[in-house]
Amino acid sequence: MTIDLHLHSTASDGTTPPDELMRLAGAAGLRVAALTDHDTTSGWAAAAQALPPGLTLIRGAELSCRWHGEGESIALHMLAYLFDPADPALVAALARVRESRLGRAERMVALMRADGIDVDWADILAHAGGGTVGRPHLAAALIRAGLVADTQEAFGPRWLGNGSPYRLPKEDLDVFEALRLVQAAGGVTVFAHPRASVRGRVVPEELFGQLAAAGLDGLEADHHDHSPAERAEVRRIAAELGLFTTGSSDFHGTHKKVRIGEFTTAPEALERIVAGATGATPVTGVAG
Ligand code: AMP
Ligand code: ZN
Ligand code: FE
Ligand code: FE
């Protein structure tokens, strides 16, 4: 049984519409696929309606969070599964984050334009098509302008990546607040790529115990941004804290080279997600 619990669509910064994504997931041989767009559930309905026979959809989202520890705060991502998409507090929190992403991206575009870089905010918004706006949308604009060859180059220090003068922070959810919100909405949480040092600073190990005590359920171990040593470290921490581990592609369409189903999750972890969730149910495609 092939289970991939982290996929992005055009509802955020992926390049595949949610319905097409479900068809691709079925064609890739998945039995279970989670739709986890950044800070939105807007792709859920289209994905659920497009399920090929036998493919099960786990409805989810990837929440933009921040840990305000000692010193500089650290951004982190929480995958949330099978929560109630109408929970008012969670709906309001996600709307706040999406709104802040818009302002931040617009300010990044203004900074680039002030330096003579030919990117246009209205054009970027139009290409985002209503999906949660993120840096990959700015990367796509740089590619269209012929300024960079690909997304990888756009995420370098000269443009959108760490060390770039154009990279601005967004207003993320406090991570403990996010855990409370998802729990109250009946969902299950998994800390996404928690040891991805290629993305920047990672959280201190003590934080994992505090997050587990605050309701965190699992850790994403197998992810393309984790080295083999980082995967092993995540497994060790999870075992010590009684958390389950997952593996996922974090597919973003043409933004990344990773394939759907390139990393997968064991059925036992999926069972814990389904058993722990009360806010939404898995949906399975039926023939005809
Ligand atoms: P943002 O949420 O706006 O800060 O943008 C982060 C998004 O950019 C995440 O979804 C990442 O998957 C994506 N991303 C970050 N680094 C890269 C990279 N080097 N290549 C492609 N996508 C990236
Ligand atoms: Zn993304
Ligand atoms: Fe992420
Ligand atoms: Fe992701």
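## Exercises: strands and an iron site

In this predicted model, Arg66 stands opposite Ala75 in β4.

**Exercise 1.** Find how β3 and β4 pair, and what lies between them.

*Solution.* 
- Start with the direction. β3 and β4 are antiparallel, with eight bridges.
- Now follow the chain from one strand to the other. Six residues separate them, and the two strands make a hairpin.
- Check the turn. Gly71 has a positive phi there, about 70°.

**Exercise 2.** Work out which strand joins β4 by four bridges, and whether β4 is largely enclosed or open.

*Solution.* 
- Look for the partner. β6 joins β4 through four bridges, and the two run antiparallel.
- Pick out a bridge. Leu79 has Val190 of β6 as its partner.
- Count the burial in β4, residues 74–81. Seven of its eight residues are buried, so the rest of the structure largely encloses this strand.

**Exercise 3.** Identify the protein donors of the iron ion (ligand 3) and say which parts of the chain Glu62 and His193 tie together.

*Solution.* 
- List the donors. They are Glu62 (OE), His77 (ND1) and His193 (NE2), at 2.1 to 2.2 Å from the iron ion.
- Read their spacing along the chain: E-x14-H-x115-H.
- Glu62 sits in strand β3 (residues 56–67), and His193 in the loop between β6 (188–191) and α8 (206–213), so the pair links parts 131 residues apart in sequence.
- Glu62 is buried because its relative accessibility is 1%. His193, at 8%, is buried too.
- Finish with the other metal. The zinc ion (ligand 2) is 5.9 Å from the iron ion (ligand 3).

Technical notes. Residues are numbered from 1 along each chain as its sequence is written. Chains are lettered from A and ligands numbered from 1 in the order in which they are written. This is a predicted model: local features need pLDDT of at least 70, side-chain atom pairs count only at pLDDT 80 or more; totals for chains, interfaces and linings use all residues. Side-chain values use heavy atoms; hydrogens and water are left out. Donors are N, O and S atoms within 2.8 Å of the metal (3.2 Å for Na, K and Ca); water is not among the atoms, so sites may look incomplete. Buried means under 20% relative accessible area, exposed over 50%, partly exposed in between (1.4 Å probe, protein chains only). Two strands pair if DSSP finds at least two bridges between them.
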